Every structure is written in C-alpha cells, then in structure tokens.
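Subject: Structure for you to look at

Dear colleague,

I am handing over the structure we spoke about, and below it I have written out what was found, so that you can follow each point with the structure open.

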Amino acid sequence: MAAADALMQAHDFTLALTGLNLPDAPKGEILALLSERKVPAIVFTATVDDEARKRYAEKKIIDYIVKDGHRTVDAVVRTVQRILNNKLFSVLVVDDVRAARSGLVEILERQNFRVSEAHSGKQALEILAQDPTIQLVITDYHMPDMDGYELTRRICDSRSSEDLRVIGISSSTDRLLSASFLKAGASDFVYRPFVPEELQCRIDNNIETLKQLKRLRELAERDHLTGLPNRRSFFERTRALMEIINETHECGAVAILDIDHFKKINDTLGHDAGDRALKKLAELLHTMCDEQQHIPARLGGEEFAVFLRGLDAHAAYQFCEELREQVEKNGRQLSGSSLALTISLGVVEIEKGEPFDNQLNAADQLLYLAKANGRNRVYSDMMITEGLQKIGRNG
C-alpha cells in the first residue's frame, strides 16, 4: 500500500528495490504494480527456481539478488551502482528484423543504457561515424547488405577494443560462427535463443572491461597528484598537433613554467603543503586552458608545460602573462599560507619543421632567463627577437 501511494506522487523513480513477498502483497503483486508504473525493479529473494525466473522475465525486472547473509548488502550496492552508471554508456543494436531488434533494445533500456538502433550494417557504420560516444555494439549475423562478421571487421578497423566492444548474436546453428566473430575482433558472442540473464552478464562484463581499461589508461596518462596529463601523455598528444601545424597554416606555442622558491614552501610548511600548492596551481592551469583547448601537463616536481593551440608568439605571451598575474594575485590562497606563490615562465612560438624536443628546450632556456632575472616573470622568444632587432637598429 505504501509503495502504491509513493508511486502516485509526482516522482520520477529510476528503479525500485523490493522484496517479493510483502505483508499486504504475499504473492509478488508488487512486481505487477511496478511494471504498470514502468519502474524497473531489483528483487530480493530467498531462493531462485525456474518458476521464479519465468515470473521475473514476464515482469521484466532489472535483476534479482539472492539473500545470502552479509553479502546481500554488498550485492545490492554493486547492482544499484551498475544500473546508475549504465546511463553513461551508449549501445548500438544492429538487426534487420524489427522484432528481434526491439527485444534487445527493451532489455538494454531496462538496464538504463542509452540505446541507438540500426537496421543494416551500412546504417550502423553511419551512426558510429556520427556518434563516437557509442561504446558497445550488439549485432546480428544475417543482414541483407553485409553480415555481422563484415560489420565487426570494419568497426574494429576504425575503433580500438579499448574504446568500443562488439557482441555478436545469431540464431544460426553453425557452431563455428562464434569463432568467426571473435577472429573478426568481437569480444563476445551469444547464440539465440539466449537466456536473458546470460546476455545481461555478458553485457555487464564487457562494460566492466571498458571501465577498467579507461581507469588503467587514466593511470598511465595522468599525473597522480594533480590529475593533469603526465610527461609521456603530453608528448604523445603534442606529437599529433605538431603534425597538423607542420602540414597547415595553423600556429601554436609551447610554454614551460616553474613555481618560484618551491623548496621554501616544502621546507617551511612541509611536503603536504607543497602537494596542496601543486594541486591548486594545476586547477587554475586547467581552468584557464580548458576553454581554449590548450593542453597543460605536469612534467615533474614543480615544473609544468602548456601546449598553446592556435596562438602566435604575441598571443602566447599574453596568455602566459595573464596566467602569471592570476597566480600572483592569488598567491597566498594557492600556497595556503603567508608565503605568496609566484611562477616564472618561458614560451616560444612553434617553428614548423623543428623537432618538438628542440622547441621545448628553447622554452626551458627562456624559463631559465626568467628565473635568473628576478623570477615572477614571462620570457618569450618574441622578446629576444625584438631585443636583437632593437640592437641592430641602434648599432
């Protein structure tokens, strides 16, 4: 009764956790009520048998959890987290038969996935080209324009298994079909008629694999303290941008910055204070770079680098000067003490055809000059060029 009253309110429930046998609904009537209100349900149950599975399938519940002492609560938490996180994942269902496609879509939407549909391999490829957020494709084998094997092969030619997984599905009696799919690059295969629980587990396993791969990639590419790209990631990303600059009329610049007297913060306030200062500076750097899609990174210690996309020498200098002013203005807040934090920077415009290491080294030399000439300042190759020109005119 209480559940019925709650469902009458103007709430948009994502899912429901329910027992099967309630005091005023001893025969599982709650499932019919939730189904009628289109609220996906997770069921607690003491036992599971064929009859119960059939009833759950009819009522289209999300999942069931067997009561098993202390492990039940953990299972509930994991299941709820999984369902809520599924909303972050997009799935493409490919099948030329509407009824078969609709059945899969219904299962996936019940699991809270974002779902797209394609009735052919050609349409599937078009959707994938337009929507790079799709991370899982479930495709039938028999289709009029291209079979699922060929579709899988084409998908894997353009997308890494670290970013997108493919599950093949077919009602074929050919037991070698699964091997063909897997050799083409699919990560899994299911024969029809499938058991919904098995399909759900295979989908969940593939999504979990994607999560773990993403986590490992972040650990490999991100600085553990600041969350900015690390040195290795910075060089990999800038290599691709350098190719664009070398082949087009685009411009760019690279800056290296260093916290002034950082050792004094560590020695006076302790390494924890130093770590907090690094993180706060990284947050400011990320905020200023994000809007213009510049690439900041922590190279190590108190040294950072920024790849400034689309900026010539003058604009790059202006950006660095604005960053320096922001740090100076918020110096005590960034250091978390009376020791005001400042930075020195060296910046150069990218010279086409020149190795990136050489350009980074040039920025580093300018950083050294900024340090040697009083700190809390920006030195640019533009300044050096203008100085030489002035000497030439006066000479």
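A search of the whole structure, which is a predicted model, finds one cavity of 30 Å³ or more, and the volume of this largest cavity is about 30 Å³. Its lining is made up of Cys156, Ser161, Leu164, Arg165, Val166, Gly185 and Ser187, which by class amounts to three nonpolar, three polar and one charged residues.

The next topic is the nonpolar cores. The largest nonpolar core has 34 residues, and those with the most contacts inside it are Leu257, Leu308, Leu323 and Ile343. At least two residues of this core come from each of strand S9 (252–259), helix H11 (262–269), helix H12 (271–290), strand S11 (303–309), helix H13 (313–329) and strand S12 (343–349), with H12 giving the largest share, eight residues. If residues up to four places away in sequence are not counted, Leu323 touches Leu257, Leu284, Leu285, Met288, Ile343 and Leu345. Another core, of 21 residues, lies apart from the largest one, and Ala297, Ala305, Phe307 and Phe356 are among its members.

Leaving aside neighbours within four places in sequence, Leu284 is in contact with Leu323, Gln326, Val327 and Leu334. Leu284 and Asn330 are 46 residues apart in sequence, while their C-alpha atoms are 10.0 Å apart in space.

With best wishes

Key. Residues numbered from 1 in each chain as written. Predicted model: local features only at pLDDT ≥ 70, side-chain atom pairs only at ≥ 80, totals over all residues. Heavy atoms only, no water. 1 Å grid on protein atoms, 1.4 Å probe; cavity = no way out; pocket = protein on both sides within 12 Å on 5 of 7 lines; lining within 4 Å. Points joined across faces, edges and corners; volume = space filled by probe spheres on them. Nonpolar A, V, L, I, M, F, W, Y, C, P; charged D, E, K, R; others polar. Core = buried A, V, L, I, M, F, W, Y, C linked by side-chain atoms within 4.5 Å. Buried < 20%, exposed > 50% of the residue type's maximum accessible area, 1.4 Å probe, protein only. Helix = DSSP H or I, 4+ residues; strand = E, 2+ residues; numbered from the N terminus. Contact = heavy atoms within 4.5 Å.
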